[in-house]
Amino acid sequence: MSPYALSIMISGLAIGTMLTVSSSHWLLAWVGLEINTLAIIPLMTNKHHPRATEATTKYFLTQATASALILFTSMGNAWITGQWDIKDLHPTMSNMMTIALMMKLGLAPMHFWLPEVMQGLNLTTGFILATWQKIAPMTLMYMIHTTLNPTLLIMIGILSALTGGWGGLNQTELRKIMAYSSIAHLGWMVVILPFSPKLAMLNFTLYLIMTSAMFLTIIFLQTTKLSSMSLTWPKSPLLAALSIMTLLSLAGLPPTTGFMPKWLILQELTKQHTTIIATVMAFSALLSLFFYLRLSYMLSLTQAPNTVNSLPTWYHSQKQPTWLLASLTVTASMLLPLTPNIMSW
């Protein structure tokens with residue numbers, strides 16, 4: 001792709017998200033979502049491969065359906081209330097808007113497109129899809145959380161957490177594993193959204209940090225399969241050790257950063273006298289823990305079957321910039337001691 005075209009597409013991604021995040025008008029928010037969708041489609045088809053074309057088609061059809069539903073709901077809301085203000089969503093339209101945003105985010109049971117689309121993309125575009133493309137729909141859910149149906153949100157959250165855990169158990173492709181990881185993490189955010197929106201956004205911020213760290217690690221290693229994770233140690237021993245911390249953080253094990261949102265969410269659910277929901281969410285985390293531990297096992301306790309009689313690759317100087325990967329990996333692993341300060345904000 002031409003550098004000029006690439007800069008236009010990346011600018012479109014940034015402008016679309018910023019327009020939706022900063023908007024208080026449903027029509028402007030919808031325009032931002034459309035700009036966002038249209039900007040990422042050329043990036044998806046940059047790799048001329050049938051799988052990429054199939055993934056782009058699935059993504060476009062799903063996002064177009066969700067955008068049409070958002071536009072229809074916002075027009076119906078304007079017809080009922082007489083205004084286009086985002087925060088003034090009529091209760092009769094809230095369920096339809098929730099379903100539309102579910103499709104945008106890839107929450108269960110509207111999640112079927114996400115693993116297949118992620119599998120057909122290259123690592124960089126998959127990274128954008130799993131992180132940046134979630135910001136605008138999640139911000140809209142945060143802005144209208146007072147008008148959404150709490151029962152529906154809790155059901156969606158529990159189903160997404162269970163689906164993300166079960167779906168990732170038998171996967172051997174890293175992109176599909178990260179897709180199911182995204183579904184499970186978004187389920188935790190949606191469950192706590194009716195009770196503590198501030199905690200949901202904290203979870204979302206930490207999700208972006210941890211997922212970015214893991215995707216940048218995969219991009220750095222150019223690894224797409226679970227079986228090739230055993231080659232990580234010859235390539236970069238230090239990165240292999242730090243990647244285990246990132247995976248354990250995604251799993252939510254102490255003393256990593258990922259333990260913070262799960263701990264606070266379970267505590268808040270218990271305070272709200274929803275002990276059964278908290279128990280189900282805790283058990284769903286065990287499902288996700290299995291495939292994170294399997295990835296950690298492949299990274300640390302397995303070696304490639306063949307010995308290569310050449311200079312190890314980690315002796316060579318790396319041409320890729322690693323400052324962003326280093327900062328995100330440290331942040332994704334060591335923020336737990338700052339929990340009291342973060343919650344005081």
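These legends describe close-up views of a predicted model.

**View 1**
The chain is divided into domain 1, residues 1-132, and domain 2, residues 149-305 together with 321-337. Their centres, taken over C-alpha atoms, are separated by 23 Å. The two domains are in contact. Domain 1 gives 23 residues to this contact, and domain 2 gives 29 residues.

An unreviewed UniProt entry places the feature "domain: NADH:quinone oxidoreductase/Mrp antiporter transmembrane" at residues 23-287. In the model, this stretch is 75% helix and 0% strand. The C-alpha atoms at its ends are 38 Å apart.

**View 1. Segments annotated as transmembrane in UniProt.**
The annotation "transmembrane region", also from an unreviewed UniProt entry, covers several segments, among them 57-80, 92-114, 151-170, 233-253 and 273-293. Two of them are described here. Residues 233-253 are 86% helix and 0% strand. The end C-alpha atoms of 233-253 lie 23 Å apart. Residues 273-293 are 90% helix, again with 0% strand. For 273-293, the end C-alpha atoms are 32 Å apart.

Met1, Leu6 and Ile10 make a nonpolar surface patch of about 260 Å². Isoleucine 10 sits in helix 1, which spans residues 3-21. Its relative accessible area is 47%, so isoleucine 10 is partly exposed. Leucine 6, another member of the patch, lies 26 Å from threonine 205, C-alpha to C-alpha. In sequence, leucine 6 and threonine 205 are 199 residues apart.

**View 2. A salt bridge within helix 3.**
The structure holds 3 salt bridges. One of them joins glutamate 54 and lysine 58, with the closest N and O atoms 2.9 Å apart. Both residues belong to helix 3, residues 50-81. They are separated by about one helical turn, because they are 4 residues apart in this helix. Glutamate 54 counts as partly exposed, at 37% relative accessibility. Lysine 58 is also partly exposed, with a relative accessible area of 29%.

The side chains of lysine 176 and glutamate 116 meet in a salt bridge, at 3.4 Å from N to O. This pair links distant parts of the chain, 60 residues apart. Lysine 176 is in helix 9, residues 174-192. Glutamate 116 is in helix 5, residues 113-120. Lysine 176 is buried, with a relative accessible area of 18%. Glutamate 116 is partly exposed, at 31%.

**View 3. A salt bridge between two loops.**
Glutamate 173 forms a salt bridge with lysine 225, and the closest N and O atoms are 2.6 Å apart. Glutamate 173 lies in the loop between helix 8 (150-167) and helix 9, while lysine 225 lies in the loop between helix 10 and helix 11 (232-235). The pair therefore ties together parts that are 52 residues apart in sequence. Glutamate 173 is buried, with a relative accessible area of 12%. Lysine 225 is partly exposed, with 41%.

Threonine 211 lies in helix 10, residues 197-221. Threonine 205 lies in helix 10 too. Threonine 211 is buried, because its relative accessible area of 2% is under the 20% limit. Threonine 205 counts as partly exposed, at 42% relative accessibility. Residues up to four places away in sequence aside, threonine 211 touches Ala130, Thr131, Met178 and Leu250.

**View 4. Leucine 336 in a loop.**
Leucine 336 is found in the loop between helix 15 (323-334) and helix 16 (339-344). This leucine counts as buried, at 15% relative accessibility. Leaving aside neighbours within four places in sequence, leucine 336 is in contact with Pro255, Thr256, Thr257, Phe259, Met260 and Trp263. Proline 109 is 32 Å from leucine 336 in space, C-alpha to C-alpha. In sequence, leucine 336 and proline 109 are 227 residues apart.

Key. Residues are numbered from 1 along each chain as its sequence is written. This is a predicted model: local features need pLDDT of at least 70, side-chain atom pairs count only at pLDDT 80 or more; totals for chains, interfaces and linings use all residues. Side-chain values use heavy atoms; hydrogens and water are left out. Patches are made of residues with over 30% relative accessible area and no salt bridge: like charges are joined within 9 Å, nonpolar side chains (Val, Leu, Ile, Met, Phe, Trp, Tyr) within 5 Å. Accessible areas come from the Shrake-Rupley method with a 1.4 Å probe; for residues, only the protein chains shown count as cover. A salt bridge is a side-chain nitrogen of Lys or Arg within 4 Å of a carboxyl oxygen of Asp or Glu. Buried means under 20% relative accessible area, exposed over 50%, partly exposed in between (1.4 Å probe, protein chains only). UniProt positions are given in the numbering used here, feature names are shortened, and annotations may be inferred rather than shown by experiment. Domain bounds come from an automatic or database domain assignment. Contact means heavy atoms within 4.5 Å.
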